Amino acid sequence: MGGASSSDQMAQSSKTFCYTQEELNKQKSDNETLRVAKATLLQKKINDLDSTELNIAVTGESGSGKSTFINAMRGLRSDDEGAAETGNIETTMEPIGYKDLKMSNVRFWDLPGIGTTRFPADKYLREMNFETYNFFIIISHCRFKENDAELAKEIRRLGKKFYFVRSKIDNDIKSVRNHCTIFNEKEELAKIKNDCVKNLQQAGIPSPSVFLISNFDQCLYDFNLLKHYIIMDNLSHGSVSPFN
């Protein structure tokens, strides 16, 4: 009674959503302007990232696999041109920087080993100028040692962030497997990681980030996860995120 017919309602609805050609052109122009503005902003962020260098110090005991780790992160073998020198004797006598081959603003610093006759722990912590680096990766192998704790405490004292990396994990797993009748790899990996976490917490690091890796079998364990975290840290360091 007194209500509009269905045909009237449809006509009214059609009028509601009817735009003139001028209005459509303006909407299209506004959308294009917005698209260009977003693209320009993203390019500016990328340029800012390229100019913001992230210096990552790779530290740990001599023979822990620091140089091999840097080569693996850069996608190089030890005999490739530009690779960090590796060997069965101490090869790194002073900090050497290596630019990442994909993230041009990232530089990995191969530091000498802590705890050698050349660099006892107290001398090492005095002379390595930790304050000059943005971020740290502590490379450890075989088992958690006092020098690992000393490095973690010094980095924490400086208010800086680090990842603790247990390298050569493939060798550890192989050794345990060869000496055990019953072996569960998943449980063994959890045991190793939990031991690292416990020792770091005892050194005063409440929530340590621990990764178990093989520098040679990078598809195994935590290598690719660690690489992902480093990429994301680089984005955060440059205040750049493609997801914003």
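**Ser67 and its surroundings**

Trainee: Which residues does Ser67 touch, not counting residues up to four places away in sequence?

Mentor: Ser67 touches Ala84, Glu85, Thr86, Thr92 and Asp110 when residues up to four places away in sequence are not counted. Please keep in mind that this is a predicted model.

Trainee: How far apart are Ser67 and Ala84, in sequence and in space?

Mentor: The two are 17 residues apart in sequence, and their C-alpha atoms are 5.6 Å apart in space.

Trainee: Where is Ser67 found, and is it buried or exposed?

Mentor: Ser67 is found in helix α3. Its relative accessible area is 9%, so Ser67 is buried, the cut-off for that being under 20%.

Trainee: And the rest of α3: how many of its residues are buried?

Mentor: Helix α3 spans residues 66-73 and is mostly covered, with seven of its eight residues buried. Those buried residues are Lys66, Ser67, Phe69, Ile70, Asn71, Ala72 and Met73. Just after α3 comes Gly75, which takes a positive phi of about 75°.

Trainee: Which residues other than glycine have a positive phi?

Mentor: Asn129 has a positive phi near 50°, and Tyr221 has one of about 60°. As background, most residues other than glycine have a negative phi.

Trainee: Where do Asn129 and Tyr221 lie?

Mentor: Asn129 lies in the loop between α4 and β4. Tyr221 lies in the loop between β6 and α8, the helix of residues 223-237.

Trainee: What is the relative accessibility of each?

Mentor: Asn129 is at 39% relative accessibility and therefore counts as partly exposed. Tyr221 has a relative accessible area of 24%, so it is partly exposed as well.

Trainee: Back to serines. Where is Ser167 found?

Mentor: Ser167 is found in the loop between β5, residues 161-166, and α6. With a relative accessible area of 0%, Ser167 is buried.

Trainee: With which residues is Ser167 in contact, leaving aside neighbours within four places in sequence?

Mentor: Ser167 is in contact with Ser64, Ile139, Ser140, His141, Asp172, Ile213 and Asn215.

Trainee: Ser140 is on that list. Where does Ser140 lie, and what does it contact in turn?

Mentor: Ser140 lies in strand β4 and counts as buried, at 2% relative accessibility. Leaving aside its neighbours within four places in sequence, Ser140 is in contact with Ser64, Asp148, Phe164, Val165, Arg166 and Ser167.

Trainee: Changing topic to helix packing: at what angle do α6 and α7 pack?

Mentor: Helix α6, residues 169-179, and helix α7, residues 185-202, pack at an angle of about 125°, with their axes 11 Å apart. That angle makes α6 oblique to α7.

Trainee: Is the crossing left-handed or right-handed?

Mentor: The crossing of α6 and α7 is right-handed.

Trainee: Which residues make the contact?

Mentor: On α6 they are Ile169, Asp172, Ile173, Val176 and Arg177, and on α7 they are Glu185, Glu188, Leu189 and Ile192. By class, this contact has five nonpolar, no polar and four charged residues.

Trainee: What about the largest nonpolar core: which members touch the most others?

Mentor: That core has 28 residues, and Tyr124, Phe130, Phe162, Phe164 and Leu200 touch the most other members. At least two core residues are supplied by each of α4 (121-127), β4 (135-140), α5 (146-157), β5, α6, α7 and β6 (210-212). In general, nonpolar side chains tend to be buried together in soluble globular proteins.

Trainee: What is Leu200 in contact with, leaving aside neighbours within four places in sequence?

Mentor: Leu200 is in contact with Phe144, Ala152, Phe162, Phe164, Ile205, Pro208 and Val210.

Trainee: Finally, how many helices and strands does the protein chain have?

Mentor: The protein chain has eight helices and six strands, and along the sequence they follow the pattern α-α-β-α-β-β-α-β-α-β-α-α-β-α.

Trainee: What percentage of the residues in the protein chain is buried?

Mentor: Buried residues make up 38% of the 244 residues. As for contacts with a separation of 6 or more, residues 24 or more positions apart account for 64% of them.

Conventions:
Residues are numbered from 1 along each chain as its sequence is written. This is a predicted model: local features need pLDDT of at least 70, side-chain atom pairs count only at pLDDT 80 or more; totals for chains, interfaces and linings use all residues. Side-chain values use heavy atoms; hydrogens and water are left out. Axes are lines fitted to C-alpha atoms, for helices over the stretch in contact, and angles run from 0 to 180 degrees between N-to-C directions. Helices (H or I, at least four residues) and strands (E, at least two) are DSSP runs, numbered from the N terminus. Angles under 35 degrees count as roughly parallel, over 145 as roughly antiparallel, 65 to 115 as roughly perpendicular and the rest as oblique. A crossing is left-handed if the near helix is turned anticlockwise from the far one by less than a right angle, and right-handed if clockwise. Contact means heavy atoms within 4.5 Å. Ala, Val, Leu, Ile, Met, Phe, Trp, Tyr, Cys and Pro count as nonpolar, Asp, Glu, Lys and Arg as charged, and the others, Gly among them, as polar. Buried means under 20% relative accessible area, exposed over 50%, partly exposed in between (1.4 Å probe, protein chains only). A nonpolar core is a set of buried Ala, Val, Leu, Ile, Met, Phe, Trp, Tyr and Cys residues joined through side-chain atoms within 4.5 Å.
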